[in-house]
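User: Hi, could you walk me through this structure? I'd like to start with the fold and then get into side chains.
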Amino acid sequence: MAKKLGYTPGAMTNIANLLIKQEMAERKYNEDDRRNVLLSITDKGKDVLKEAQLKGQELRAEMFQKLNEEELRQFLKIYEKLLSSFDSSET
């Protein structure tokens with residue numbers, strides 16, 4: 001997971017520890033292999049995530065309101081190009 005996100009394993013451990021300390025996640029141990037440690041999001045973590053998603057939606061709506069129709073068309077064209085480039089690099 002660390003590699004996929006572009007973080008070092010140590011950085012991921014620090015992030016996990018912070019989430020646990022703030023009670024947004026908790027460790028879950030695999031009973032068959034205690035070396036495997038999973039993180040589970042808590043109710044508090046879900047609430048924080050929902051709030052962040054709503055704030056992000058509000059921010060995007062506010063930002064896009066500043067664009068005119070032509071700028072929105074250009075943005076969508078660029079966004080589609082970037083997404084198609086990303087999709088083809090995943091395979």
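Analyst: Happy to; we can begin with the model itself and the overall fold.

User: What should I know about the model before reading anything off it?
Analyst: This is a predicted model, so to speak of local features a pLDDT of at least 70 is needed, side-chain atom pairs count only at pLDDT 80 or more, and totals for chains, interfaces and linings use all residues. Residues are numbered from 1 along each chain as its sequence is written, and side-chain values use heavy atoms, with hydrogens and water left out.

User: Great. How many helices and strands are there in the protein chain?
Analyst: The protein chain has four helices and two strands. Their order from the N terminus is α-α-β-β-α-α. Helices here are DSSP runs of H or I with at least four residues, strands are runs of E with at least two, and both are numbered from the N terminus.

User: And is the chain spread out or a compact globule?
Analyst: The protein chain is more spread out than a compact globule, because its radius of gyration is 19 Å, well over the 12 Å that the globule rule gives for 91 residues. That radius is taken over C-alpha atoms, and the rule is 2.2 Å times the number of residues to the power 0.38. Along the principal axes, the C-alpha atoms fill a box of roughly 55 × 35 × 20 Å.

User: What share of the residues is buried?
Analyst: Buried residues are 9% of the 91 in the protein chain. Buried means under 20% relative accessible area, exposed means over 50%, and partly exposed is in between (1.4 Å probe, protein chains only).

User: What about contacts between residues 24 or more positions apart?
Analyst: They account for 5% of the contacts in the protein chain with a separation of 6 or more. A contact means heavy atoms within 4.5 Å.

User: Switching to side chains: how many salt bridges does a search of the whole structure find?
Analyst: It finds four. The criterion is a side-chain nitrogen of Lys or Arg within 4 Å of a carboxyl oxygen of Asp or Glu.

User: Which residue does K28 pair with?
Analyst: K28 forms a salt bridge with E26, at 3.2 Å from N to O. K28 is partly exposed at 39% relative accessible area, and E26 is also partly exposed, at 35%.

User: What about R35?
Analyst: R35 meets D33 in a salt bridge, with 2.9 Å from N to O. R35 is exposed, at 74% relative accessible area.

User: Now the loops. Is T42 buried or exposed?
Analyst: T42 is buried, with a relative accessible area of 16%. T42 is found in the loop between strand 2 (37–41) and helix 3 (43–64).

User: Which residues does T42 touch?
Analyst: Leaving out residues up to four places away in sequence, T42 touches E23, M24, A25 and E26.

User: E23 came up there. What is its phi?
Analyst: Phi of E23 is near 60°, a positive value in a residue other than glycine. E23 is in the loop between helix 2 (9–21) and strand 1 (25–29), and E23 is exposed, with 53% relative accessible area.

User: Last one: where is Y79?
Analyst: Y79 is in helix 4 and counts as partly exposed at 42% relative accessibility.
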